[in-house]
Amino acid sequence: MLVRALFLRPARRKPWRAALTVLGVAAGVGAVVATVAASRAAVASLEEGVEEIAGRARLEVTAAGGIDESLLGRLRPAAADAVLAPVIEEVALLPQLGDTVRVLGVDPLVDLAARDLELVPGPGGGPEVFERLLRGEGVLLPEPLASRLGGANALVLSVRARPEALPVLGVLRPRALSAAWDRVVIADVALAQELFGRHGRLDRIEVVPRPGVSEAEVRARLSALLPGGVRVEEPAARGARAGRMVRALEFNLTALSGVSLFVGAVLVATTLATAVVQRRYLIALAVSLGAQRRQIARVVLAEALLIGLAGGALGVLAGRFGAQAALSSVRATVATVAADATAASIELPPWLALLGVVLGVGVSVAAASLPLSEAVRTPPLQNLRAERPWALGRRARRRAVALSAACAAGAFGLTRLPPLNDLPV
């Protein structure tokens, strides 16, 4: 009876109020779910497949901002111990897919020693394909990408805000199947330098130890030849380093999406508080007729719980589609700190869906605490009296101003703290 009188009947009379409250919670939950899912996909694109694309390369010569290609000559004495493969790796937009691809510039003369790739037999296939690739006359595509493009003989890449038409010389099949190869375009290193304006610069030199030579020996030999600021490391270290930078960005994006969740909590609190005030006569009559205060509390909590469940479920659903819409924008933001952020599929793991629902319920129940206290503690006689307007006293206003100033000072102080575990405070 209490549920019907205090919840169901008012909800039927003013359904828009409950609907708006549910939408407010859904907007907050959806923003968090979309941001987390899109950020995880962007971070995954940095880390997944680093070792697969590196192939047999066990070491890399890298430096901040890239390395001068003249370093290859300086490392020539180490060629007896390892194969040195220069690499350019950049990201370009492929308008035919409406997304980005990774452009891998390699030296065809030495790269077969680093990567397990085979040319798919077909018309025009054969040694001349690699000769044309070496002359910079076109590019090679992996089978999955060529299939998505419908076997086109050419593709157009948007590079540095201008279209570049490139013939497709052949199709490659990675011997070790990996999703990392699904969006890779292979070009000669000189062609990649020309496309991206990287004349005389390389992203890295991949190192494949020759048979009988240990990785430690090669590392020591290279370290003795390298100038300061240039390092020798494993391929996985590159993905881990970029991942750490991007996780700080992901943390910021998630924190910003939490603002929407906070707005949803305020909306729930306001709605429930308004509902309690408007139903004060019914609450007073119910208590006067013998209803226990915990029964009143259960009704208010049940309303908050239903709002949280509905808003959480709707927010998870909206977040799944919102993540797909936001992925390109998030990836573009990620590219400001890590240039090789490519496309990655959006996944909504069960834990994230559960987290969205739990957030919706938790925010709604927490926001109901003040209205719940109002409904339980106010004496019935006071609820039966007419409401009179009241204002904050001078002391209360001073406390409010002091609290606001303390919050502002605390926020400013937090911005001055160093990062904790690579995350900004």
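**Close-up views of salt bridges and surface patches**

**View 1. E164 and R162 form a salt bridge in which the closest N and O atoms are 2.6 Å apart.** A salt bridge is taken here as a side-chain nitrogen of Lys or Arg within 4 Å of a carboxyl oxygen of Asp or Glu. The model shown is predicted, so local features need pLDDT of at least 70 and side-chain atom pairs count only at pLDDT 80 or more, whereas totals for chains, interfaces and linings use all residues. Residues are numbered from 1 along each chain as its sequence is written, and side-chain values use heavy atoms, with hydrogens and water left out. E164 is placed in strand β8, which covers residues 162-174; helices (H or I, at least four residues) and strands (E, at least two) are DSSP runs numbered from the N terminus. E164 counts as buried at 19% relative accessibility, while R162, with a relative accessible area of 29%, is partly exposed. For these classes, buried means under 20% relative accessible area, exposed over 50%, and partly exposed in between (1.4 Å probe, protein chains only). The side chains of E164 and R162 also make a polar contact of 2.6 Å, a term that denotes a pair of N or O atoms within 3.5 Å; within protein, one must be able to donate a hydrogen and the other to accept it, and residues adjacent in sequence count only if both atoms are side-chain atoms.

**View 2. R204 is joined to E60 by a salt bridge, with 3.4 Å between the closest N and O atoms.** Because R204 lies in strand β11 (residues 204-209) and E60 in strand β1 (residues 59-63), the pair ties together parts that are 144 residues apart in sequence. Both residues, R204 and E60, are buried, and for R204 the relative accessibility is 3%. Their side chains are likewise joined by a polar contact of 3.4 Å.

**View 3. A salt bridge links E90 with R198, the closest N and O atoms being 2.6 Å apart.** E90 lies in strand β3 (residues 82-94) and R198 in the loop between α8 (189-196) and β10 (201-202), so this pair ties together parts that are 108 residues apart in sequence. E90 counts as buried at 17% relative accessibility, and R198 counts as buried at 13%. The structure as a whole holds 13 salt bridges.

**View 4. A nonpolar surface patch of about 650 Å² is made by W16, L20, L23, L314, L317 and F321.** Patches consist of residues with over 30% relative accessible area and no salt bridge, like charges being joined within 9 Å and nonpolar side chains (Val, Leu, Ile, Met, Phe, Trp, Tyr) within 5 Å. Accessible areas come from the Shrake-Rupley method with a 1.4 Å probe, and for residues only the protein chains shown count as cover. Helices α2 (15-47) and α12 (293-334) each supply at least two residues of this nonpolar patch. L20, which lies in helix α2, counts as partly exposed at 48% relative accessibility.

**View 5. R394, R395, R397, R398 and R399 form a positive surface patch.** Lys and Arg count as positive and Asp and Glu as negative, with His and the chain ends not counted; the place of a charge is taken as NZ of Lys, CZ of Arg, CG of Asp or CD of Glu.
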